[in-house]
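I opened this notebook to keep track of what I looked up in the structure, item by item. The entries follow the order in which I went through the model.

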Amino acid sequence: MKTRIFEATRYLILAAGLIFFVLPVASAIEFSLRGYGNKGHTMANYSWIFQQDDFFTNITTSLRLAAVAAVLTLLTVVPAVVFLHLEGQKFKRFFEFLAILPLVVPVVSLAIGAQKAMPLFVQNSEYELAFFYVVIAIPYTFQSLNVGLASIPLKTLVEASRSLGASFTRTVLSVIIPAIRGSINSALFLAITLSFGEFTLTSLLHWETFPVWITRVAQGNVLGSIALSMFSLIGAWTLLIVVQSAQNWKGIRLKRTAEEIELEEVAL
Amino acid sequence: MSAKNLETKVSLQNLSKHYGTVAALQDFSLEMQTGEMVSLLGPSGCGKTTVLRILGGLDPHHDGQIFVDGENITGSTSDKRNMGMVFQAYSLFPNMTVIENVEYGLRVRKISPEIRRKKSMELLEMVHLSHRPDAYPNQLSGGQQQRVALARALAIAPKVLLLDEPLSALDAQVRVQIREEIRRIQLETETTTLFVTHDQEEAMSVSDRVGVMNAGQLEQIDSPSNLYNKPKSAFVASFVGVTNKISAQIEGSGRVKVFNQEIELSQNSASFGSGSAVIALVRPENIAIASDADPESKAGLIITKSFLGPMTKLGVDLGGENLVYVNLTSQEAKKIDVGSRIAVKITSEELMVANA
Ligand SMILES: Nc1ncnc2c1ncn2[C@@H]1O[C@H](COP(=O)(O)OP(=O)(O)O)[C@@H](O)[C@H]1O
Ligand SMILES: [Mg+2]
């Protein structure tokens, strides 16, 4: 009868977990649908969101910054971690430690210190935020890529490709990157979500993005701010689902058509 | 090897390689003829992989020169050397199908899609995998993956095929099967091949010549039968084939006393002073049953008996430290049981000895 008790416990834990997770969300949704003075349920709070002048401005700003942060991650963090695995085994420990630092260093000092180090062409433009977001996301993006690269026989794959006549660049682009595409996707996803949700540093530097804007308008409209939170939550889930299915879709994409392969070849 | 192929394809001259103070390779030289299959055999850490990697251009920091087809390629990188490599395991590109893996080198060389597909399919046929061109590496067994790796390496029509223990991750049966296939394909394509292994049976069974390595040096390179029958050193004698190690004593004038026999010392043995205690190296098939009455025979107790098909191997306690193994035809061994006593005698005309 032990197994029965075990089964029951399992379901109990599952149920408790679900309640813990679902109940607050469900309550919040319910709350956000209430009309003023508890008069039935209405979509008024949600339509209020879209009536705000700054809603679209801020959401596009945040999406744009997230996209830039993702591209920057792809162009800087990905090559850096690949290079670290290929050539810098001796310094790996050190860089793993460095990659944790953004978690430890207070955002305030990052904001003040790092702003000075920004490339000139982005200083005083909102795009400086994207650079900060990349840095803040490094503990997560680095780890994701680190694990991905550790899980493939990198050295052998590189040597096999090189001995077959491929240049180093070609080897990275057509062997290594595709082999860790899953980790790259997760890293980019992390960079995007962290950028999209970043509040502290952004508001410290007096920029307005979606999260900063939410906090501001929330002070004037409690129900509306709950509706906004729900809206962002659902938005984040949608994004998650899109990225996940993009990863599955990749499995199908692996069977590239002859034309695609030719295109890739021209590119190389 | 046919006579027409007797031209030098590869010449490795005085290769040396150090890791810190460790000498991985010391003054290593080797010539390979066109179409020849040479194995490098030796215990783990003796420098086999180092030789192969230097030839493949994967290890640019070394001393010595490398010539292929008479051209000095010492300074060129691996992508310029046109050498196919097969690694121990897990070297297929995981994101590419079998056929894409095989085509890779041809794509790099900008061969047209139709031609490279045709060529790759031919190679897949050769390794018996033409029915799975669209499988991904993780859908294949270890043996199948190594066949694909072989096809991929051959696709570029390599000047030299380099195999670094390609079978060591496979189970015994598959190992034997694939090594036969490697040899068949190697002969068929007349590809000059360097095969690295620590398995002496593997090396002996598929190679034109086998080079035995020890501590970063080439001890002897010769045909398998010469290595077995005329080893140039005690190391080679004990590394190649099964060898009994029997306590013996050097007598004057180049003879060695083993059991009750005195036998000529092999010219290839190191020299020892008269009276030195040494180890005689004797093949199991060079020990035969003798009559008790023979003053040169030695009697002992049979401890083990292993049936090996046509042959039977007896383990005999002759009073030494180790059991002495004797190979008899199974017919001869029929009436001899564990626990009984027999007398034996060494039949070799000369013996190799080593330091005791
Ligand atoms: N990257 C390395 N760093 C330090 N020592 C190495 C390295 N690679 C090989 N060695 C040393 O060089 C020697 C020869 O190695 P290797 O050629 O791999 O031997 P084998 O293939 O015969 O087992 C060994 O002593 C090994 O420990
Ligand atoms: Mg090795």
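**Entry 1, confidence.** I began with the scores, since I am working with a predicted model. The model has an ipTM of 0.85 and a pTM of 0.81. For chain B I noted an average pLDDT of 91, with 98% of the residues scoring at least 70.

I looked up the volume of the largest pocket and found about 750 Å³. Its lining is made up of 27 residues, and those that lie nearest the centre are A:L86, A:E87, A:K155, A:E159 and B:L58, so I wrote down both chain letters here, given the definition of a lining residue as one with an atom within 4 Å of a point. Which helix supplies the largest share of the lining? I found that α7(A) does, with five residues. In chain A, at least two lining residues come from each of α3 (54–87), α6 (128–150) and α7 (154–163). Sorting the lining by class, I recorded nine nonpolar, ten polar and eight charged residues.

I traced an open sheet of five strands in chain B, which has the order β15-β19-β16-β17-β18 and antiparallel pairing. The strands at its edges are β15 (287–290) and β18 (324–329), each of which pairs on one side only. On average, neighbouring strands of this sheet are turned by 50° against each other, with direction ignored. I then went into one pair of chain B, where strand β16 (residues 298–308) and strand β17 (residues 311–317) run antiparallel and are joined by seven bridges. Within that pair I noted B:I302, whose bridge partner in β17(B) is B:V316.

**Entry 4, the four-stranded sheet of chain B.** Another open sheet in chain B consists of four strands in the order β2-β1-β4-β5, and its pairing is antiparallel. Why is one side of β2 and of β5 left without a neighbour in the sheet? Both β2 (22–33) and β5 (71–72) of chain B stand at the edges with a single partner strand each, and so one side of each has no neighbour in the sheet. I followed β5(B) to its pairing with strand β4 (residues 63–68) of chain B, which is antiparallel and spans two bridges. Across this pair, B:F67 stands opposite B:N72 of β5(B).

I looked here because most residues other than glycine have a negative phi. B:A157 has a phi near 45°, a positive value in a residue other than glycine, and B:A157 sits in the loop between α4 (142–155) and β7 (160–164) of chain B. I recorded a relative accessible area of 49% for B:A157, which makes this residue partly exposed, because exposed requires over 50%. B:E190 also has a positive phi, near 50°, and is found in the loop between α5 (172–189) and β8 (193–197) of chain B. Its relative accessibility is 46%, and B:E190 therefore counts as partly exposed.

Is B:S271 buried or exposed? At 72% relative accessibility, B:S271 counts as exposed. I placed B:S271 in the loop between β13 (261–265) and β14 (277–282) of chain B. From B:S271 to B:G254 I noted 8.5 Å in space, C-alpha to C-alpha, for residues 17 apart in sequence.

Key
Residues are numbered from 1 along each chain as its sequence is written. Chains are lettered from A and ligands numbered from 1 in the order in which they are written. This is a predicted model: local features need pLDDT of at least 70, side-chain atom pairs count only at pLDDT 80 or more; totals for chains, interfaces and linings use all residues. Side-chain values use heavy atoms; hydrogens and water are left out. On a 1 Å grid over the protein atoms alone, a cavity is a set of points where a 1.4 Å probe fits but cannot get out, and a pocket is an open set with protein on both sides within 12 Å along at least five of seven lines; lining residues have an atom within 4 Å of a point. Grid points are joined across faces, edges and corners, and a volume is the space filled by probe spheres set on the points. Ala, Val, Leu, Ile, Met, Phe, Trp, Tyr, Cys and Pro count as nonpolar, Asp, Glu, Lys and Arg as charged, and the others, Gly among them, as polar. Buried means under 20% relative accessible area, exposed over 50%, partly exposed in between (1.4 Å probe, protein chains only). Two strands pair if DSSP finds at least two bridges between them. Axes are lines fitted to C-alpha atoms, for helices over the stretch in contact, and angles run from 0 to 180 degrees between N-to-C directions. pLDDT is the predictor's confidence in each residue, from 0 to 100.
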